[in-house]
Amino acid sequence: MPTIVFASPKGGAGKSTSAVLLATELALNGATVTIIDADPNRPVSRWGRLPGKPDNLAVRDDVSEKTIVRTIEEESTRAAFVIVDLEGTASRMIPYAMSRADLVVIPTRGSTLDAVEAVSAIREVRQQEEAFRIQIPAVILFTCTSAAIKPRTLAAIETEFKANGVPVLKTRLHDRDAYRAIFSFGGTAAALDPKNVRNIDAAVKNAQEFAQEIVALLRANRSGAAA
Ligand SMILES: Nc1ncnc2c1ncn2[C@@H]1O[C@H](COP(=O)(O)OP(=O)(O)OP(=O)(O)O)[C@@H](O)[C@H]1O
Ligand SMILES: [Mg+2]
């Protein structure tokens, strides 16, 4: 079943946060999900050991560059969705994971400096496409954006990506307390305690929209590939 890989050479771009949000939304909708935590710092595994992880969501961190492809293939026979969280620095797991991706999501914050790094992630995807002679759909995800305003810099970067044929997700993951809080308290954004965290409803809605757009994109890519 589809494999979605979160990649970006930029540290702190929002890979692990977005990967966990997608995984929990899919799991809450009833799908079986495996997240492969391919970051040696193991941020997703730490989240997974906290209380509240949905039972139909598994986290695996027993991966190395030698085993990542096998692990992705194994999990994709078992789970409806496989999600891979990669580390921010160069690693041979990046091309291996990309070679098995149905979709590469490249999270980026909305500054020009961050966008430059996102472009290098896109370039890496293109290199893997050439190396493996396959097509690897990739898409930019803006993270940590303001829910209230869309700054001109962000709009300009988005236009630039589109002009260069780089798809950008319509949904942006806004800067939300709830997205930080799940890594402290565990579980899903929806299950957070409103006494501890502000604006949970808006955060949940945003994460749902994100997951829906990813599922729609996977579906469109699949029917495009079959045509
Ligand atoms: N949408 C968001 N709203 C609020 N905080 C966010 C959001 N996205 C990321 N963060 C915060 O930004 C920091 C970096 O995010 P995260 O760890 O997800 O990035 P990363 O790309 O996985 O980093 P690394 O390259 O180190 O693996 C964390 O403190 C996280 O809580
Ligand atoms: Mg990370």
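Which residues of α6 are buried? In this predicted model they are L154, I157, E158 and F161, where buried means under 20% relative accessible area, exposed over 50%, and partly exposed in between (1.4 Å probe, protein chains only).

Since this is a predicted model, local features need pLDDT of at least 70 and side-chain atom pairs count only at pLDDT 80 or more, while totals for chains, interfaces and linings use all residues. Residues are numbered from 1 along each chain as its sequence is written, chains are lettered from A and ligands numbered from 1 in the order in which they are written, and side-chain values use heavy atoms, with hydrogens and water left out.

Helices (H or I, at least four residues) and strands (E, at least two) are DSSP runs, numbered from the N terminus. Helix α6 covers residues 152-163, which makes 12 residues, and reaches 16 Å from its first C-alpha to its last. That is close to the 16 Å expected at 1.5 Å a residue, the expected span being 1.5 Å times one less than the number of residues.

The buried residues of α6 are L154, I157, E158 and F161. Seen down the axis of α6, they fall within an arc of 100°, so they line one face of the helix. The arc is that of the directions from the helix axis to the C-beta atoms. An α-helix has 3.6 residues a turn, so residues three or four places apart point the same way. The face of α6 turned away from the buried side carries the exposed residues R152, T159, E160 and A163.

The buried residues of α6 pack against α5 (112-132) and β6 (138-145), with contact taken as heavy atoms within 4.5 Å. E158 belongs to this helix and counts as buried at a relative accessible area of 10%. Apart from neighbours within four places in sequence, E158 is in contact with F142, K150 and V168.

Just after α6, G165 takes a positive phi of about 75°. N164 lies in the loop between α6 and β7. A polar atom of the side chain of N164 lies 2.8 Å from the backbone oxygen of E160. A polar contact is a pair of N or O atoms within 3.5 Å; within protein, one must be able to donate a hydrogen and the other to accept it, and residues adjacent in sequence count only if both atoms are side-chain atoms.

P167 also lies in the loop between α6 and β7. Leaving aside neighbours within four places in sequence, P167 is in contact with A138, V139 and I140.

## Loop residues and their accessibility

R42 has a positive phi of about 55° and is placed in the loop between β2 and α2 (43-49). N199 has a positive phi of about 60° and is placed in the loop between α7 and α8 (200-226).

| Residue | Relative accessibility | Class |
|---|---|---|
| R42 | 21% | partly exposed |
| P167 | 37% | partly exposed |
| N199 | 48% | partly exposed |
| N164 | 55% | exposed |

## Helix α3

In helix α3 (residues 68-78), I68, V69, T71, I72, E75 and S76 are buried. Seen down the axis of α3, these residues fall within an arc of 160°, so they line one face of the helix. R70, T77 and R78 are exposed on the other side of α3. The packing partners of the buried residues of α3 are β1 (3-6), β2 (33-38), β3 (57-60), β4 (81-86) and α4 (93-99).

## Ligand 1

Ligand 1 is surrounded by 18 residues, and the closest are K15, S16, T17, R109 and H174. A residue is near a molecule if one of its heavy atoms lies within 4 Å of it. α1 (15-28), β7 (173-174) and α7 (177-185) each supply at least two residues of this shell, and α1 gives the most, with three residues.

Oxygen atoms of ligand 1 take part in several polar contacts. One lies 2.9 Å from a polar backbone atom of G14. An N or O atom in the side chain of T17 is 2.5 Å from an oxygen atom of ligand 1. For R109, a polar side-chain atom lies 2.9 Å from an oxygen atom of ligand 1. Taken alone, ligand 1 exposes 620 Å², and the protein buries 76% of that. Accessible areas come from the Shrake-Rupley method with a 1.4 Å probe; for residues, only the protein chains shown count as cover.
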